Amino acid sequence: MQSKYLKTMVAAGALMGASAMGATSARADDLTLCWAAWDPANALVELSKDFEAKSGHKMKFEFVPWPNFADRMLNELNSGGKLCDLMIGDSQWIGGAAENGQYVKLNDFFDKEGIKMADFIPATVTGYSEWPKNTPNYWALPAFGDVVGWTYRKDWFSRPELQAEFKTKYGRDLAVPKTFAELKDIAEFFQNRKIDGTTVYGAAIYTERGSEGITMGAMDVLYSFGFQYDNPDKPYDLEGFVNSPEAVAGLEYYKALYDCCAPPGSSDAYMSENIDAYKSGQVALQMNFAFIWPGINADPKVGGDKSGYFANPAGPGGKQFAQLGGQGISVVSTSEKQAAALEYIKWFAQPDVQAKWWSLGGYSALRAVVEDPGFATSQPYAQTFLDSMAIVKDFWAEPSYASLLQASQKRFHDYVIAGQGTSKEALDGLVKDWTDVFTDEDKY
């Protein structure tokens, strides 16, 4: 049954939808859309049945598991392959894809079809669509808004005996943390605690070495401690910003949180491992991207009122940011079916389609959806999604993104997980690594 909220959005977009699909390509094409293999991809398959019915085109999908997604799809782009007509690529790829001519620039298409970037959440336009950043040059339509946030065992937090014990120890209620210091207190409180006869642990956080995991997790904390990628007045000037005292303290905190409160065997954990730890009842807190929340809410063991959701807390100085996730949808420049691929983007941008996307478990970035009065109460996690998307920052989106990421993965994992050196040494090393990359690219 459709919610009242969804029915309102569908009615508002129905006329636009009919006209948008009125003029289709002269022939029906089979389009291949490439993305990661995860729950939102399954929702997109369901959503796309409407496009097939209205356009006459048939959709094929190439979904690759997250650990292999970047290698597989970046290789496809870099080799000039023709597998993908549409690509939902990571936000960090936008610079390389734009500068290397791998995505079709969409400005003229947007102008022709009346698609306005002002209609989308500003952070998603900057993060998923623009290159260079903060310029009106668009290479993707915001497709899936995502951000790192937190899930917690609301049922455990509400137990009277745990409430009383926590208040005696910390002098405050056991509740959603407002700061990272409070989050660590909560994680330590639950670490090695017996709940219903089972030993549980504090917090599942990102530690994975092979792709991007520990970088996404560490940066999620470092931003709120005061980390900056470079000098705001001098691009690529890293010294004193990447390795500032505040950044050093943030990385020390992340290691301390791992050392005190992560479940056993979590030295190489990312999205799926954290989901498993949480759903199996091992942890009180889970760091993860917002895409997991529909699945958590529906889970028979931890769903419904058993779980709650909160945005990244503030750092010591009151700053509050969160690591941006999510992706835009682009037309691949080597596609021989670009006209049909653009039809898909035109269809996907419609308000009624975006409203249905949200209802199926996709995270719409369209302001007409997320700013609707009924949105915040449409799901238990909807308000947290809004709060989180308002405080996002993102990793480098430079063409050299892969090299920059490899450096941070190594430096962070060596310090946080392997215990090598100090936080200051790790970040000093990262300044050197990143400076070498930008020197090779003639940025200085």
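The model is a predicted one, and the values below are computed from it. Two disulfides are counted in the protein, and, with bonded cysteines counted along the chain, they follow the pattern 1-2, 3-4. One of them joins Cys34 to Cys84, while Cys260 and Cys261 form another. Two helix contacts are also described, that of α9 with α11 and that of α18 with α19.

**The disulfide of Cys34 and Cys84**

- Cys34 is joined to Cys84 by a disulfide with an S to S distance of 2.0 Å, and a disulfide is, in general, a covalent bond between the sulfur atoms of two cysteines.
- Cys34 belongs to strand β1 (residues 30-37), whereas Cys84 sits in the loop between α3 (66-78) and β3 (86-90), so the pair ties together parts that are 50 residues apart in sequence.
- The link of Cys34 and Cys84 is left-handed, with -95° about the S-S bond, and both of these cysteines are buried.

**Thr32 in strand β1**

- Strand β1, which holds Cys34, also contains Thr32.
- Thr32 has a relative accessibility of 12% and therefore counts as buried, since buried means under 20% relative accessible area.
- When residues up to four places away in sequence are not counted, Thr32 touches Lys60, Glu62, Leu83, Cys84, Asp85 and Leu86; one of these, Cys84, is the disulfide partner of Cys34.
- From Thr32 to Ala181 the C-alpha to C-alpha distance is 46 Å, and the two residues are 149 residues apart in sequence.

**The disulfide of Cys260 and Cys261**

- The sulfur atoms of Cys260 and Cys261 are 2.0 Å apart, and these two cysteines form a disulfide.
- The torsion about the S-S bond of Cys260 and Cys261 is about -95°, so this disulfide is left-handed.
- Cys260 is partly exposed, with a relative accessible area of 23%, whereas Cys261 has a relative accessible area of 0% and is buried.

**Helices α9 and α11**

- Helix α9 (residues 180-190) and helix α11 (residues 245-261) cross at roughly 15°, and their axes come within 9 Å, which makes α9 roughly parallel to α11.
- The crossing in which α9 passes α11 is left-handed.
- On the side of α9 the contact is made by Phe180, Ala181, Leu183, Lys184, Ala187 and Glu188, and on the side of α11 by Tyr253, Ala256, Leu257, Cys260 and Cys261, so that the two cysteines which form a disulfide with each other both take part in this helix contact.
- The residues of the contact of α9 with α11 divide into nine nonpolar, no polar and two charged.

**Helices α18 and α19**

- Helix α18 (residues 401-416) packs with helix α19 (residues 423-440) at an angle of about 165°, and their axes are 9 Å apart, which makes α18 roughly antiparallel to α19.
- The crossing of α18 and α19 is right-handed.
- From α18 the contact involves Ser403, Leu404, Ala407, Ser408, Arg411, Phe412 and Tyr415, and from α19 it involves Ser423, Ala426, Leu427, Gly429, Leu430, Asp433, Trp434, Val437 and Phe438.
- The residues of the contact of α18 with α19 divide into 10 nonpolar, four polar and two charged.

Notes: Residues are numbered from 1 along each chain as its sequence is written. This is a predicted model: local features need pLDDT of at least 70, side-chain atom pairs count only at pLDDT 80 or more; totals for chains, interfaces and linings use all residues. Side-chain values use heavy atoms; hydrogens and water are left out. A disulfide is a pair of cysteine sulfur atoms within 2.5 Å. Helices (H or I, at least four residues) and strands (E, at least two) are DSSP runs, numbered from the N terminus. Buried means under 20% relative accessible area, exposed over 50%, partly exposed in between (1.4 Å probe, protein chains only). Axes are lines fitted to C-alpha atoms, for helices over the stretch in contact, and angles run from 0 to 180 degrees between N-to-C directions. Angles under 35 degrees count as roughly parallel, over 145 as roughly antiparallel, 65 to 115 as roughly perpendicular and the rest as oblique. A crossing is left-handed if the near helix is turned anticlockwise from the far one by less than a right angle, and right-handed if clockwise. Contact means heavy atoms within 4.5 Å. Ala, Val, Leu, Ile, Met, Phe, Trp, Tyr, Cys and Pro count as nonpolar, Asp, Glu, Lys and Arg as charged, and the others, Gly among them, as polar.
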